[in-house]
Amino acid sequence: MRRELHQGWTVEAAGGEGMGRLDGPALAAVPGCVHLDLLAAGLVPDPYLDQNEAAAAWVGRTDWTYTTTFDWHPSNGARVDLVAEGLDTVAQVSLNGAVLGATRNMHRTYRFDVTGTVLPGQNRLTIAFRAPLDAAEAASAELGRRPHVNAHPYNALRKNASSFGWDWGPDLPTSGIWRPIALEEWSVARLASVRPLVDVRPDLTGVLQVHAGVERTSSADLVLRASVAGRVTSVAVPAGEPAAVATIEVPDAPLWWPRGYGAQPLAEVLVELLDGDVVLDSHRTRVGFRTVAVESGPDEHGTSFALRVNGTRVLVRGFNWIPDDAFLPRVSRDRYAGRLRQACDAGTNLLRVWGGGIYESDDFYDLCDELGLLVWQDFLFACAAYPQEEPLAGEVRAEAAEAIARLSPHPSLALWCGGNECLWGHADWGWEAPLAGLTWGLGYYTQTLPGLVAELDPGRPYIPGSPFSPVAGMHPNDPSHGPMHIWDVWNERDYTGYLSYTPRFVAEFGFQGPPSWATLTRAVHDEPLAPDSPGMLAHQKADDGNGKLARGLRGHLPDPAGMDDWHWATQLNQSRALATGIEHFRALAPICSGAVVWQLNDCWPVSSWAVVDGDGRLKPAWYAVRRAFRDRLAMIRQGTAGLELVALADSAQPWHADVLVERVSFEGARLAGAVVRLELDARSSVTVPLPADVATPGDPKRELLVARVDGETSFWWFAEDLDVAMPAPQCSVSAVRTEGGYDVTITARTLVKDLALLVDRLDPAAEVDDMLVTLLPGESVHLRVSCQRDLPTGAFAAAPVLRCANDLTAPVTDAGSGPAG
Ligand code: BMA
């Protein structure tokens, strides 16, 4: 019997900088975190707004004590356990004044036997958290300081690394009971662990092996019963046995596939522990029948790296995932569902759960199973050297074993990875001197973690880190060998730098842009608002972030004239940078088998690499990624011998089509043209040189190439916007009120490049169905705007709502706009 203890909690400062700031205990939400409690009680201003983050720094320097009372009356359970699924982080747990134990890992579940301590009638449960910054610093001093990025020694404590601040995240280390806490009463025996492992034999027989661990209070002969897909099996668990395995074979099991490759059938699994006819404990989960493997081996380009599901190579189009809120308990199932929907709608088939975050809740992985989103799961190590001594080593083992067992049933889980950039850090970031011979984590990545995966989840591939070279002695970020991260482009180079790479798999690459205007202006109220106004700087965490944004524009777009132009230009540049990278990496298939964008989401309102901002709004870059992630792409690219058309059919169907490639003037005159016939097998690509008369411009400043196929259009510009005779844009705009918003028709009178309706400027809740559309003179686009509000006439007809690339050099001329309503 399980009973949640989520009611009646209070929190009070028990030491440190928070002493004297509160009149007394404040009401506390469980699951929750102290920042949210203080916010709800009006005791701190919202740390996500303006410069409030700094004003809340004392919260992480305060010891916090959570207390509740609850009534309890004995049932017939012989044992009573207190089960805490997430305590953040260094804490002492007491019941009725008796210390039950100490915790120091937010990524673990703690179970305390409270039989005899829990009393009939009223009980008082107290969880005293040590200030996380003090705890991390003390642990670091004890274990020996080791290199890490950012301000605080997150590498000494098993707590969400990014909660101490990251180059996109606020420095707001939390405390609290962040996951459910409950009393569990049981007798005779319970299921201490359940791991349903799945395999598929070559004859397509699905094999489910349920590994169950049993904890007992008395010796009894028990039975483990498991069922799946209408089949049931039972195995004896004789007295004294701590574990059992039940195996079920499912002939012709329907295969689970990643999205774009097939369906996602899921089978319910019921696992029961029986004493005679009495069901002592049960566990329900779902599995999907499929195999997954990493393909990695030498070839003429280096060492391949690709995921294979059911033997089929998957071309990965992915995003990196970070915690969706710095205050983790706010991330509900609905919020996950919305964010994952945005990932799917952008055409992705994989999310990489980054090692500086958390093992997400079951909801996340359940949804990924349903949506066919593969999950690359990092173990929780990021950008630092990690001590291999106790107490950290034991925490790492316990946490990893629990995570492996919890996540192993999920068919979406495709890969375990030792961590983020720790191997790279050791190779390149000058750790040798500060480490002075101390351990740095290698044993975790090469022994502890692969050992646990082999023992607990043997069917799933493991790699020691990302980036990682499978060849001994090779630099971990070698482009030719295994997965790499491309960061020199954002940090030091122009985004065309992506084109110089021939990677095997890009697990991270990204380019910053500011959040949507509505998000930005909800969070930052600087007067005047400028890229470097104080609140803006508080919401730009990257090293020289604004400098890199500004330098990133150079050669592509003019220096922005003011805040509106800066915001649009940097968002547009982010879009183009990501599209450049993605198209290039996809065009390299099959040499390159994955492009995983850094990053999908944000954890608060901030300028960052995300394509969905901290309030969940789609940035222009999301639309650019969606276009670049289409199943079928026909792109004009610069080849070694001239311009060529690269066509990619990344879908289960062959692609037979004609691509019309035309050279046109900026005025829309057709100057030359050719039809390229595509006869592509499923999952294949072709490169066709373009005829010289099409590929060679008469006037590179006034011409472009247009490739049209199946209603989709792509473009080739002979020079950057700054270097061509980009016309001052003219369009006419008409809008018709519809049930859920507006149908907007925009007709170009001149060439209009990368047109966007930034509708959140009109209504923070509004969204548009497409963005970054290029129109030749006379062409139109119909955009659907979802919006409940009635908008004034002409609302869509001018900046800062209607924007395009050419209005950065010349303002849009309104060639007549229709009524907006
Ligand atoms: C990589 C990531 C993150 C970081 C990002 C942007 O290093 O793994 O640590 O946020 O780059 O700098």
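These legends describe close-up views of a predicted model. Local features need pLDDT of at least 70, side-chain atom pairs count only at pLDDT 80 or more, and totals for chains, interfaces and linings use all residues. Residues are numbered from 1 along each chain as its sequence is written, and side-chain values use heavy atoms, without hydrogens and water.

**View 1. Strand β26 and its side chains.** Strand β26 spans residues 350–353; strands are DSSP runs (E, at least two residues) and helices are runs of H or I (at least four), numbered from the N terminus. L350 and R352 point one way, L351 and V353 the other. All four residues are buried (under 20% relative accessible area, 1.4 Å probe, protein chains only). In a regular strand, side chains alternate between the two faces of the sheet.

**View 2. The partners of β26.** β25 (residues 316–321) pairs with β26 in the parallel sense over 4 bridges; pairing takes at least two DSSP bridges. N320 stands opposite R352. On β27 (residues 374–378), also parallel to β26 and joined by 4 bridges, V375 is the bridge partner of L351.

**View 3. Two crossovers.** β25, helix α4 (residues 333–345) and β26 form a right-handed β-α-β unit. Right-handed means that, with the strands pointing away from the viewer, the path from the first strand over the helix to the second runs clockwise. From β26 the chain crosses through helix α5 (residues 362–371) to β27, again right-handed.

Key
Buried means under 20% relative accessible area, exposed over 50%, partly exposed in between (1.4 Å probe, protein chains only).
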